[in-house]
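Please read them alongside the sequence and the coordinates.

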Amino acid sequence: MPIERIAVGLTVNGCAVEQWIDPCAMLLDVLHELGLSGTKKGCEMGACGACTALADGRRIVSCLALAASYAGAAITTIEGVGTPDELHPLQEAFIDHDALQCGYCTPGQIMSALGLIAEGCCDRATIREGLSGNLCRCGAYPRIVAAVAEAAGL
Amino acid sequence: MSGERARRIEGALKVTGRAEYAGEVRPDGMLHAALVQAEITCGDVVGIDDSAARHTPGFVDQVSYDDARSLAPSTATALIREPVVHFPGQPVGLTAADTLLAARTAAARVRVDYVERPSVAAIDQALDEAYAPAMAGRIIGASHRGDPAVALTGAHLVVRNRYQTAVNNHHPMEPHVVVCWWEGEQVVVHTSTQAVYGTRAIIAHALAMPADDVRVVCRYLGGGFGCKGQLWWPWMLWTLTASKRTGRPIRLELTRAQMFTLVGRRQETVQDLAVGFDATGRLVAIEHDVLAQTSTHGEYCDTTAEVSRRLYACPNVRTLHRLVRTNEPQPIPMRAPGTAPGTFALESALDEAAEQLGIDPVELRVRNFADHDHDADVPWSSNSLLQCYQVAADRFGWAQRPASATVVDGRWRIGWGMATTCYPAHRQPCRVRVRLQPDGTIVVQCGTQDMGSGTYTVLAQMVADALGVPLSQVTVELGDTLLPEGPFSGGSQVTASMFPAARQATDALRAQLAELGMGHDETLADAVQRIAPDGIEAEGAATANADIDVRCMSFGAIFTEVGVDADLAEIRVRRVTAAFATGRVLNPLLTESQHIGGLIGGIGMTLLEQTVTDRSSGRIIGDNLADYLVPVHADMPEFDIALIDEDDTYLPGGVKGVGMLGTAGIQAAIANAIHHATGTRVRHLPIRIEDLLHELPATTPGALPSMSE
């Protein structure tokens, strides 16, 4: 018995794609099917933030985002932020401040921080509060906050 | 003497999401796997019925004990060969299907019949079965010098208490994953592992294959902290078995819930500790008895009491480790194994003694400084602990420490505490290959892996320094068994192991170039073009350390300021100042990151982390990252890290390990600060609000508002 699939149109990093997906599929898994592995799976229940992406500029945990419900939305993932040869200033700040160790939570931290900066953050305490949904087990937190503060012009 | 504050060379790949972790390989035709997990606590599997599972759309295969019977018996294959359930949630089979959803659906439809046996779900249910293991980690389980019983009887002061630490889980952000496929008789295995070579050896042994027919790849590792090793191997081997039979690539990724039970844990400890002092504050005796949990299928014991054997000068010391087997998951090392729970007890006891003796806690430790290792009666290769105390105390402002429970900042009661940390400096065998390319750039290869600690960067720095080329000219390749054999990532020993091998390789490369006639003022790029146009390479090899006549350890001193909310008893660490002496510091930027990360792990162990087990079923309660609390951004204090450079002429390159130090000592430093703030001594971890609730000031009950208002 074949698995029923439905067609969904998404805009990912500015590119319109039509993908046949499982109706139950989460956006995170669809991104992986599209070959975009920069968005990470850490817990599959919205508790770690590793899968953070932007939908129409707002932060979402893509592991809990039903892909079909994002038809037509503009999705931004870490692949749409900068490239190794052309880094976004926030990515550059992450490297300068050594705001990463194993790097697995890093895309989520960066996407979350981009969303936070767009929401507006006025000081380091706001950054710490606003990024607390993004876990890091290596313990890069203070340096992540330093990098985000620099990129936010604080 | 310190090295350059070089940025992480793989940083650009990681911040752009382009670093390829093991689970991100997507071979064509790949199947997804899911585990069937036992629903009982203890017993035998007597039947597996997968007929319903086979009707799941997308189902391809199911493997279980019968399919692993041909694997060579070993600790890595026992749980997948023998149909015995040792703990709830233990995998009893694996399903493979076209999609992850189909694999999980099929797994849920597999019916398993059991014959249950009585179980032990907590160590206090089988105390009479406690036994003393021969080994605790790499050391002998029991020790005895002098006559501590007599010395305690005659001591001026004895502090005798029980200290307890909880079960913790490692939870690297990257879940355990394997993607594997067969190419004829050869197998390619991409897996998140702290040991590509160790994994290759296990696969080759289990499947009776030549090691060269097994390739294990892990170019980027999303954290490990001790859990990406042996306990993962059984489930990985089942995946390989299914891949061979189906002829398809298969991917198995553990769920976060499975990472509470299937990949190891920091064992809980119950520690009975007695420390005796003379009137001048000198230690006269220590007795340290540790009781801990291990599983019914494996034995592991942290080196918890080791700190009591050698951290301080003391003539009479007895230590003992005992284990109780329970039907709970198997413990394994977790960041700062042994030293984290061990220093919590010893350094808490010293703080209690300092208070009762009326001696400053730093001064008490200085008086008991061990000028050599009293346990083995050998000198230290280097020990800068006294300097660590002084530097950290100065930077913290310890001299202004007020009397206990007197400082208030708004609603916060403020306290200061300090403690010592230490960790042994080890090395493992290691080979490094250095290749000078025709264009003058350098490629360095080593079959170790970068857990996030900076292995790529420091290896590049070692080679760039030795060859006198810019760091940008050096490319490093790690995490592949096609590369020369490197050490496992654990025990804070990779950097120290690579250093002598890298140095030997660069020396050999230079010697070859000299033999070929490289000029003294010639650059490597010019020389290679002229005398070795195809490029040239050399290998270096180093052996494990066998330090018999000397003891090698890293040391540190950690000072903390905590605030305890006077109304709510919320505990916050406000600032941490620490000084660490780890031999030669190759990259201060990355070293500071490791120390801060280690301290944060320790803050989690002290105030947040506790894996809770149901006492009747042995099941984990709250097996998710919402219930298992770990430190988040909002928990962060200010950190001030001092790196004490040491000129250790005994160790090759003078390099000691870094990663573990911050995760020990901090527990007692925080507990001691809480005592200083509140007057309450908490002798168990984690320390939570409820432990300080009785400290809240009595409030006058207000009148309830009238319901009619």
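How many helices and how many strands are there in chain A?

1. Chain A has five helices and five strands. Starting at the N terminus, its elements follow the order β-β-α-β-β-β-α-α-α-α. Please keep in mind throughout that this is a predicted model.

2. On overall dimensions, chain A has a radius of gyration of 16 Å, close to the 15 Å given by the globule rule for 154 residues, so chain A is as compact as a globular protein of that length. Along the principal axes, the C-alpha atoms of chain A fill a box of roughly 55 × 25 × 25 Å.

3. The contact between the chains involves 49 residues of chain A and 50 residues of chain B. On the side of chain A that touches chain B, at least two residues each are supplied by α2 (89-96), α3 (106-119), α4 (124-130) and α5 (141-151) of chain A. By class, this side of chain A has 28 nonpolar, eleven polar and ten charged residues.

4. Chain B is divided into domain 1 (22-118 + 175-221 + 229-260), domain 2 (336-425 + 549-694) and domain 3 (427-542). Between domain 1 of chain B and domain 3 of chain B, the C-alpha centres lie 37 Å apart. Their contact takes 14 residues from domain 1 of chain B and 15 residues from domain 3 of chain B.

5. Which elements give two or more residues to the side of domain 1 of chain B that touches domain 3 of chain B? They are α7 (196-206) and β13 (214-217) of chain B. The largest share of that side, four residues, comes from α7(B). Sorted by class, the side of domain 1 of chain B that touches domain 3 of chain B has eight nonpolar, three polar and three charged residues.

6. E20(B) sits in the loop between α1 (11-15) and β1 (31-37) of chain B. E20(B) is partly exposed, because 14 other C-beta atoms lie within 10 Å. Neighbours within four places in sequence aside, E20(B) is in contact with R219(B) and Y220(B). A527(B) is 507 residues from E20(B) along the chain, and the C-alpha atoms of the two are separated by 35 Å.

How values were computed: Residues numbered from 1 in each chain as written. Chains lettered and ligands numbered in written order. Predicted model: local features only at pLDDT ≥ 70, side-chain atom pairs only at ≥ 80, totals over all residues. Rg over C-alpha atoms; globule rule 2.2 N^0.38 Å. Domains from an automatic or database assignment. Contact = placed C-beta atoms within 7 Å. Nonpolar A, V, L, I, M, F, W, Y, C, P; charged D, E, K, R; others polar. Buried ≥ 20, exposed ≤ 12 C-beta atoms within 10 Å, placed from the backbone.
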